[in-house]
Structure formats: C-alpha cells, structure tokens
Amino acid sequence: MARVDVIMPQMGESIAEGTILRWLKKVGDRVAKDETLLEISTDKVDSEIPSPASGVLLSIEVPEQKTVPVQTVIAIIETEGAGGVAARGGESAAPDVTGVSAGVGGGVAGGGRGVLEAGVEPAGAGAGAGVLGAGGPSGGRFYSPLVLTIAKEEGVGLSELEQIPGSGEGGRVTKKDLLAYVERRRAASGGVKVSVAGPSPGARPGAGAVAGAGTPVDDPALRKKYPSPAYEVLQMSPVVQRMAQHMVLSVQTSPHVAAVHEVDMTAVVKHRGEHAAEFERREGFKLTYTSYIAGAVVKAIKKYPLVNSSVEGERIIQKNFINLGLAVASESGLIVPVIKHAEEKSLVGLARAVNDLAVRTRARKLTPDDIQGGTFTITNFGVFGTMIGVPIINQPQVAILGTGAITRRPVVTEDDAIAIRSIAYFTLSFDHRIIDGALGGMFLEEIVQNLERFDSGTKL
Amino acid sequence: MAATTYIEAIGRGMREEMERDSSVFLMGEDIGAYGGAFKATRGFLEKFGPARVIDTPLSETAILGAAVGAALVGMRPIVEMQFADFVSCGFNQLVTNAATMHYRWHLPVPMVVRLPSGGYIHGGPFHSVNPEGWFFHVPGLKIVAPSTTEDACGLMKGAVRDNNPVLYLESKYLYRRVKGDVSGEVVEIGKGMVRRPGDDMVIITYGSTVQQSLDAADRLAREEGVETRVVDLRTLKPLDTGLILDAVRATGRVLIVHEDNLTGGIGGEVAALIAEGAFTYLDAPVRRLAALDTPVPFSPPLEEFVLPSQDKIFHALQELRRY
Amino acid sequence: MDGPSLSRPASGGLTSKDRLDLYYYLRLTRECDEAILRLYRQGKSVGGAYTGSGNEATAVGSAYALEAHDYLLPMHRDLGAHLVKGQTLRNIFLQQLGRAASLTGGRDGTGHYADPALKIYGNVSHLGAMIPVAVGIALASSLRDERAVVMTYIGDGGSNMGDFHEGLNMAAVMKLPLLLIIENNQYAYSTPVAKQSAAARFSDRASGYGIPGLTIDGTDVIAVYDACKEAVDRARGGGGPTLIESVTMRLHGHSASDDASYVPKELMDRWKQKDPLPGFERALLAERILDEEGRRALEEKIRREIAEAVRGAEASPSPEGPEAAEGVFAP
C-alpha cells in the first residue's frame, strides 16, 4: 500500500493559489483514478480535479472555502497494491522553475522559463541602474531601498519586480505588495492534468453582472465609513482580484495606444452564408466569424511578426509561432483559451480549434495547457453590442485585437452609390514600447484587407 | 492617592535627590521664598533651608557660571532658568565652560540646568522657545526631555546623578496637564522607550508631542487599521540610536515629530542616522513634522498654525502610509 | 572648629626670607616667560605664547597671600601665580608644548589647565568667563564652610565683559569669599584703556557693587602682597569680596606675535624704568638681604631648573591622536 498526495494544481501561468470549493468525496470513501474528487476555483478557471490514483481517501488536508498556494497537499489517498507513485501524484511534466506549464507548445523560446522568471538577474545586478530607466517611459518604476533589499533576498529579478502590481503612491510597489507577491510565488509549475465538468456550485450571490465580483463581507472599519443601506461592502473574489491585478499590471507595463479601423465584413458574411449549412452538417458545429477573423489575424501576423512578441528589458522576444488566444467571458470571469500553432492551421483547422475550445470552456474542461502560452489575443466584445472598445493587452503580449458588433450599415460605394454592408469596428490596442502608430495601423489594416478581400472561392 | 502632575514629579525628583545627597543644592531666580515662577520648588526653602535653596540675582551668566564652579569642586547644583528662553543670556558659560571642562581637564561638571520650554501656552516668542537645537550639537552637554510623570521624576534623578552637565527640558504645557503615577525609579539617561507598539510605521518623537503622536496613531489604527509604533526618545543627547534603528528596521516608514523648529532641529540628525544606519530598510522617505521655521507667535491662531498638533501628525501619517 | 592652618604672614609682616622667596619667584617667572618666548621663536611651541613680562609683581605678590587650601583662577599673564601656588616648571612647559603628559593630555594649551591638587583652575580664551566660575567655587567654599578664598584676575579690557559684572555682583550680594584683581596694564591687545572705560579708576566700580575697592601700584610686589593679604583675610573672615585694581605694565605685546608698536615709546620707556624685577633686586641688594654671589647663584639655579624642565618637556612624547575621540563625558 502506498500513499499518494493530491496537490493543488497550477491552473495557468501566474496562478499561485487555488480555493477548495467542494469535496465530492469524504474521508474513507473509495475513489477511482480520474474520478472527480473535488472542485476548485482559481482566478482563471474553476475546475474539477480528478483523483490521481485509485484507492481510499485517507485524509482531507484542506477544508472547503480555504485558499492555499499551488502545490499544497490537499488530500491523501491510500492506494491498493504496490508501486503507487510515492510522492506527488499526477503526471506532472518535468517541473519548470516557475509558473509556466511544461505543456506550452514545442518551440517555446528559452525552454521552461515562464514570463515571470524570464530575465531573472543576479541579485542586485542592475537593480540600481534599472530602477528608473527599465521598461521605458511609463514602465520604469521607483523601488524603495527596502523593496530592493527584499527583492534581492527573495531572488526577485528586476523584470519580475516590474510585473508586480503596486498599491503605493503612483502605483509604487510597496513592501507589502512585494511580500504578498513572494508568498504567492511559492510555486514550481503544475502540469497536473485536470478536467473540468459542470458549473461551479455555490456561485456567488448578488453583486451584479460580473461573475463573482464580490460577496458581502464584514469589515467594521469600512462599514463605519460606508454604512448600510446606502452602501454595500463586498469582498472581491479571487478571480476578480486577479483580474484587477492583471489589468493594473498590464496598463502599468505597456503604454497602450489604440487604433480603430472600420472593416467591411460583407465578403466574409457572404462566404459564410454560402457554406454554413454544409459545414455544420459535415463538422457537427457552427462555423463562426471568429474563425475567419482568426485566419485574417494569423495571416497579418506573418507579415508583421513584431506584434507577436513580448518585451524583456531591452530585448524583444519575437515568436515564430502563433498561439492565438480567444478571450471568452465565462461564469467565472474572463478566460483566454489559446489555439496553439495557429499558423499551421487552415480556416477549417482554425474553426475546429475555435470550436473545441469553446466547447471545453463551456463544459469547464479546459486544461492549464489550454490557457497558457498565448502570443496574441482576440477579444470579441461585439457579442455584447459594443461597437468600439479599447481592450487591455493580455500580458506579456504586446497587442490585442478587439472586434465590435457587425451591423448592417449604409455605406458609400466606389461609384458613389449607397449600398448596405455589414460593417464592424476593429480596435487594435498595442504596446507603444515597441509598436508605433504606423506599425499598428498597418497591421490592423492588413487584417481588415484580409477580411474585405476574402476570396469567395475559398474551400472549406 | 491623587495622581502626580508632571511638575510635581519634577519636584519629587529634586526633593528625593536632595534628601539622598547633601551636595545637591538649588539656584535660580525666585525659586526660594516664592517657590519658583511655576511653583516647581514650592516648599523647598522651608524644607532644605537657604543654604541649599538659593535665590540669585537676575544673572543667567552668573547662575550658570556659578553652577559650573560649584560642580567643579564637587557639589551637584540644580539651577533653574526661569524660562528656557533666557538660557541664551548665559549661553557662553554652558558651551565654553560646562561643556568643555571634562574633555580638557578630566574633571566632571555634575550640574543640571532646568529649562521650562515650549509653547502651546500663548506665551509669545520669548516664553515659548525650545532650546535644544542651540545645544544639541555641542560636545559635552547631555539633554533630556521627559514626556510623562514617571520620566519627569526619573530623568531628574538620572540627571542629578550623572557626572556631566545635563540640560533638563520641561514642557511648560505638560506641567499640569499630564498626571500619572510616579514610581520614583531612576531613569537611565540615553535610553528611549516604545510608548506604543506597531509594525506598519513609526513615529519618533519626544516631549510635548509624544501624547499628540499617540493620539494620532490610535486614530489611524481605528480609521485605517494601520499600527504605528511610537518611540519616545526621552534623552536627546546621547540619542538611543539602537532603539531608533530597530524601529526603522521593523517598520520601514518613519515620521519624526518634534515641537522645536524644523530646520536644524534634532529631527534632521535622527533622519541622517536613519539614512546611514537603515537605508535598505526604508520603504518611504523619512519625513519630519515640526514647528514652522518661525519664532513662536503670540496670538493663539498664529501659534496654532506654527506648532505641531495631533491633527497635523495624523495627516502626515496618512500621507506616509500612502507612499 | 578651626579652619585650616594659615601660614602666610600678615599684611605688612613679610620677613627677609619671604622677600628672598618673592625675589626667587619674580626671577623664575621672568626667566620662564623668556624661555617660553624662545621656544616660540624657535618654532618649538604649539600655538601662541603670552608673557607676563612686567606683571610679575602683581602675579607673584598676590598669589603669595594664598594658603594651600585657597583657590587660584589665574589669567594669561599670571604665570608667577601658578608658580607661587606650586606648579612645576615641567608642567608649564608640557602644557606649552602640547605633550601627552601635560595636565590636559594635550587637549588645551598654555595656562588653560586645571590642577585640583593645587587648587588651580586655569583660564579660558573668553575673558571674564571664569569669573562666574570663581564665584561658584567661592559659593561652594562658603556652603561647605571651607574657609577657603578664591582669587581670580581680569584685565582692563576683560573687566568690561558682562561676566565681570554679573559675577562680582552675585559674589557681593551673597558675601562670598572672592578676591578679584583687575590687572590694569593700560592695554587690551592694541586698545588703550581710555577706549575701554570712561571711569577714572577701575576700582571705582567696587562701590557700585557695595564692596571695598582699591587701586595699588602693581609693580611693587610688597604693596601687592599687603593689599591682597588684607583682602584675603577679609574674605576668609566672611567679609565678602574685594576689588583690587593693580596698575601694572606689559613689556611685550599681547602675544608673541604682537610687537606692541602701538605703545608710545615714552610709555614703554617709563615702564622699563619701573620694571618690577630690577627694582626689587636693587632694593634687596641695597638692604643686603641679597648679595651679588647669592644673586648669581640664584640666577644659575633658576637657569638650571628651567633648562632641565625644557629638556624634559621637549623629550616628552606628543599624544598619538586617537585619544582625541575620548573623554567628552565623565563616566
């Protein structure tokens, strides 16, 4: 007989902790390998966690509603028979140094170093020099002597420091911010396969439309300042907290510039109209505009690869592959599943990949792999009716495309006639550290042209 | 038993030292028959007699110089400057003679100079001075500044027993406003004290601003959940550098508060010590809150504008927290 | 209870032996001053050199009236008083040369030392600043019933400092055992006395404080002794302070770097005529208290003593340096 640890997995890069939502088994129950053992929540996804082994649930180490760091042992299973994996259960890939799953697609530059660890400098090197200048005009932040001291002691490199959201004056990273980050960063990479099934129970009540924005919380000091019933004091859920942190971080890191182009989707609409029924019959799912847009983006990236990169200090890491993220709103907040190696896919392939991700997202069966390693992101706010939006870049990427609603609009044609077309506004938000207005505009226009001049003879 | 006031505690310190050691005697203007301008020595003449409670002519130079002479040959005088403001009349005796004699002659000069100091009493420019800045940087003088009844008594005893010239700063504002217990224990010169625990920020202060700082810290804790340590220096010279740096290492955010004027005040020295000794522990620049660089004005709204207050300290704390 | 034993002869009661003694000290003072000047001009001494040449009668005569348990707070031209009180030549030269073995460990120079065993508390550069200190010592003496007298000096210039007035006033009103001697040598550095005070005589100030004051011939060592002895006795007996103005001279400049060219030649010539040393010597020879052989022998003795002291001081090591950081506070 052997003991197998069940650990809190890492559900994506930069995830450092998870919350136990519900134990589906109790101590003493038999469990089968891969049988769902519990449900967890992290800021990226809620997931069901399958049992890493068959046996009896010997102990539950972490109760429901408790949040623990990734890699914490949350339960122990006693297996029958010999040869159970003695230590960490699950098929974790070769552990990476930090938060990046080893499952990131084959050609990741730099091997297993995730975005947070990349560029870790020897303690103190350039800490002084880098403080004011690093990251360009809005990226350079001031770090107090204490923060640098702690960073040095904890082995937090300068580029890593730059990623940490700051609550101090002007967004400064304070001692408190840094210590909180260090706490969260106690993680090697996960790589445990998880499957997700069904909606999360105990969806947070109230708090409006944003999924899990907050639950009422008891805070006497704030209550005094903001008394009921005029005010409600809510606790931000982990998902929202992470979103907040990521968004703040992104805005602090990248000087955002947005370009909006109008795109005439009529050709695409026509093509889709002609092929949709046949496609659905054959593939078993609907062909969406997303696939066309994805294809146009992939093509445009090949021409302007700089928008498909990331920044490290003074270096630009340009990727020769395209992991296309498609932002999706879910019950547990914004998720960005990624199509790996989109550059290799045809329109059909993209359509299949898009659908596959959509299905698994809805079914809450996304793997950590599915949500890591993106190099470019498309976000579709058109579904909400938004005409023009200005999205926030998904770090560590340097650009994001936001697509607005397609509406039928009268336009003036070449020969000065009025025609009804399907028009949408696309917004490219890009990082002006490395992408200027010219490049941004040209890249976006390339996408537009790819769509407007879509070859009606394209076979699916 | 009724609580002792700050000024009574000073008196108790003097009285018990005089009872203990016959070489201790008092000199000053109006201290004998009149009991002192603030009544700090009421009853002393009756108890100890005119040989030990001496009413002097109006002559700060003579008073201070005579104290030096008497101390040189083995007595332990406690002299009173009627207001700290008048010590400048006898400045030379302190800085030329009292301060240098041990260094030059290896002879101790065990004298205490009582200095009723500070404002908040509508006294105007010449009855509100805080004189510590004038003497702080002169090698050879010690300076103490009690803020509680316990320390008023204890530091007086410590000062009398010290074999060096000790300037004893009494806050006039605290004379009858601070009441408390007095154990009669000697307080060692050179040791500060943490008056309020806390690890989020620290106020370093002394004298009249200690209570203001405690109030501001409590208010901040109530309103923002932040705990501010309050360090009462108690002795200004020599400073308790160890206590100061410990507090900085524990908290990383420092506010120095004193009633004395900002520029050239002791806060600058403390800030420099912190920069030298705890630079890598600082999460924010060291901040000082002190009186404006003006004489202390007479009319109450003017005086209020110039001097520190609990409210001003509170807002400085908030700013510091937000950095 | 009886006070300490008193050995000084009464005013007017100096014996021949006393007078030879006085002569010895006069000459010793003069020779010592000259030796200090020599060291200065040889570049061997540290800092300035202040001589009391011409003031010997005042310095020696006054200090001669003190008992061992009395206190002396001399000024910078009162080397003779140091010597009469018992200071060694060696210590004088060690102080001058700033050596480690000096009474201040090299921390202060010239007469700025204290020797509690001899009850000598030296001057500071701020003229008059030691007067209130002298008053404090006199106060302690009075409080402790020591029957000790405090003798201190001030120049015609220094007597205009506030310390002079505050100190004397306090000593007067408290009836303390103080003797304050104004050494009026007509010049404060380059400033003649007429520019220092409008008063005809400095001793007139005494009545302003309600105490006795007198002006004497500071070049007559006997006269100085008699006046001081009387004042000392008065103080010791509880009669309070006396102010004595001793009219004397300054044969050299303020310090060794001052050639006193501002002193009118006629005045300087007159002074040289009244030089206390040759005058006293002539008187002693005339009265056969001293003969030529004795004079030469004394001269020789003094030269040997001084040479030995200078040699010893020159050979004594200077301080190292680091000890300067210590000793600000008494333990």
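Predicted model: local features only at pLDDT ≥ 70, side-chain atom pairs only at ≥ 80, totals over all residues.
Residues are numbered from 1 along each chain as its sequence is written, chains are lettered from A and ligands numbered from 1 in the order in which they are written, and side-chain values use heavy atoms, leaving out hydrogens and water.

Let's stay with chains B and C for a moment. Chain B brings 39 residues to the contact and chain C brings 38, where contact means heavy atoms within 4.5 Å. How many salt bridges are there between chain B and chain C? The count is one, a salt bridge being a side-chain nitrogen of Lys or Arg within 4 Å of a carboxyl oxygen of Asp or Glu. The partners are B:Arg104 and C:Asp108, whose side chains meet at 2.8 Å, N to O.

On the chain B side, at least two residues each come from β2 (24–28), β3 (53–55), α3 (60–72), α4 (91–98) and α5 (101–105). Helices (H or I, at least four residues) and strands (E, at least two) are DSSP runs, numbered from the N terminus. With ten residues, α3(B) gives the most to this side. Sorted by type, the side of chain B that touches chain C has 20 nonpolar, 15 polar and four charged residues. For that sorting, Ala, Val, Leu, Ile, Met, Phe, Trp, Tyr, Cys and Pro count as nonpolar, Asp, Glu, Lys and Arg as charged, and the others, Gly among them, as polar.

Now turn to chain A. Twelve residues of chain B are in contact with twelve of chain A, and the two chains bury about 930 Å² between them, 49% of it on carbon and sulfur atoms. In chain B, the residues that lose the most area to chain A are B:Thr280, B:Asp283 and B:Tyr323, together 54% of what that side buries. B:Asp283 also meets A:Arg172 in a side-chain salt bridge (3.2 Å, N to O). Nine residue pairs are in polar contact between chain B and chain A, both at pLDDT 80 or more.

Next, some backbone details. A cis peptide bond joins A:Ser228 and A:Pro229, with omega about -5°, and A:Pro229 lies in the loop between α6 (220–225) and β10 (234–236) of chain A. In chain B, the bond from B:Lys237 to B:Pro238 is cis too, with omega near 0°. B:Tyr120 is not a glycine, yet has a positive phi of about 70°. Is B:Tyr120 buried or exposed? B:Tyr120 is buried, with a relative accessible area of 16%; buried means under 20%, exposed over 50%, and partly exposed in between (1.4 Å probe, protein chains only). C:Asp145, with phi near 55°, is partly exposed at 46%.

Conventions:
Buried area = accessible area lost by both parts, 1.4 Å probe. Polar contact = N/O pair within 3.5 Å; in protein donor to acceptor, adjacent residues only side chain to side chain.
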